[in-house]
Amino acid sequence: MFGKRKIAALVAEFLGTGILTLLVLSVQRSTIGVPFFVAAIAGITLIAMVLAFGDISGAYLNPAITLALWTARRVSTLRAVVLIVAEFLGAWAAYYTYTYFVNSKLADVGGHFSGHTLAAEAVATGILGLVWAGASFNKWPKTVVAPAIGLAVMLAMVAASTAGLGLANPALALGTRAWVWGTYVLGPVIGAVVGVNLYGLLFAGDNGISFNLATAKAQVSKPASTAKKPAAKKSTKKKSSK
């Protein structure tokens, strides 16, 4: 009845229209001034970081995304563990750097567990996971990945801000003093894992090649020459005898 491609087309239209409507509602029906600018700076930063570090580490910068790509076998186990540790350490170092600059400690802002916040963080990071999966499975070049991920981060944080702080990233939760396991940590992990694996299940090609920005190189296709070089003619002249 329905093949994979037909199901994928239906799901793509469903998700695409749903994401579009959700983002329009998020901006239209809320006072999103500050969250929008936070999302914008995060998106711009991701563009710059992917361009700068994409060929080195992949520039995932989000433990939930790194973990999700590992579950889809796009990142090796050892690499995933090391990257996740580095991401959390980076957020931790940024917090102490900031508090040194302002000469003041920051109060916790995560609050308590909220099912609404959990759902918002999961849905938002699922959007980001879909885009990261598209880059991974389809081998997008870095110049395409950078703006795509930057925009996806903006969209994810705007969507998540309707029911909370709009982080969509456990490392950001650590660095901004919003570390709440049930919302700002578990929510993004669930969303990213579902988003990445849903893309791999429905939208990735059957013969997809594993891709990692850290090891990907631009491949320039060269037209294969079909014309054979003419064989060298043997000399038929005889040496003159003295």
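Trainee: What pattern does the protein chain follow, read along the sequence?

Mentor: Helices and strands are DSSP runs, numbered from the N terminus (helices: H or I, at least four residues; strands: E, at least two). Here the pattern is α-α-α-α-α-α-α-α. The protein chain has eight helices and zero strands. This is a predicted model: local features need pLDDT of at least 70, side-chain atom pairs count only at pLDDT 80 or more, and totals for chains, interfaces and linings use all residues. Residues are numbered from 1 along each chain as its sequence is written, and side-chain values use heavy atoms, with hydrogens and water left out.

Trainee: How many Å should helix α5 span?

Mentor: Start with the general idea. An α-helix has 3.6 residues a turn, so residues three or four places apart point the same way. The expected span is 1.5 Å times one less than the number of residues. Helix α5 covers residues 115-138, so its 24 residues should span 34 Å. Its end C-alpha atoms are 34 Å apart, which agrees. After α5 comes Lys 139, with a positive phi near 60°.

Trainee: How many residues of α5 are buried?

Mentor: Buried means under 20% relative accessible area, exposed over 50%, and partly exposed in between (1.4 Å probe, protein chains only). In α5, 18 of the 24 residues are buried, so the helix is mostly covered by that definition. Across the protein chain's 242 residues, 37% count as buried.

Trainee: Is Thr 117 buried or exposed?

Mentor: Thr 117 sits in helix α5. Its relative accessible area is 8%, so Thr 117 is buried. Now its contacts (heavy atoms within 4.5 Å). Leaving aside neighbours within four places in sequence, Thr 117 is in contact with Ala 163, Gly 164, Thr 183 and Tyr 184.

Trainee: Where is Ala 72, and what does Ala 72 touch?

Mentor: Look in the loop between α3 (63-71) and α4. Ala 72 counts as buried because its relative accessibility is 14%. Ala 72 touches Phe 137, Val 196 and Asn 197, not counting residues up to four places away in sequence. Leu 198 is 126 residues from Ala 72 in sequence, yet the two are 9.5 Å apart in space, C-alpha to C-alpha. For the whole chain, take contacts with a separation of 6 or more: residues 24 or more positions apart account for 76% of them.

Trainee: Which loop holds Arg 73, and what is its phi?

Mentor: Arg 73 lies in the loop between α3 and α4. Its phi is positive, about 60°, although Arg 73 is not a glycine. Arg 73 has a relative accessible area of 73%, so it is exposed. Asn 103 lies in the loop between α4 and α5. Phi of Asn 103 is positive too, near 55°. At 70% relative accessible area, Asn 103 is exposed.

Trainee: What volume does the largest pocket have?

Mentor: Rolling a probe the size of a water molecule over the atoms shows where empty space is left. A pocket is an open set of points on a 1 Å grid over the protein atoms alone, where a 1.4 Å probe fits, with protein on both sides within 12 Å along at least five of seven lines; lining residues have an atom within 4 Å of a point. Grid points are joined across faces, edges and corners, and the volume is the space filled by probe spheres set on them. The largest pocket has a volume of about 960 Å³.

Trainee: Which residues lie nearest its centre?

Mentor: Ala 42, Asn 169, Ala 171, Leu 172 and Thr 176, out of 42 lining residues. α2 gives the most to the lining, with nine residues.
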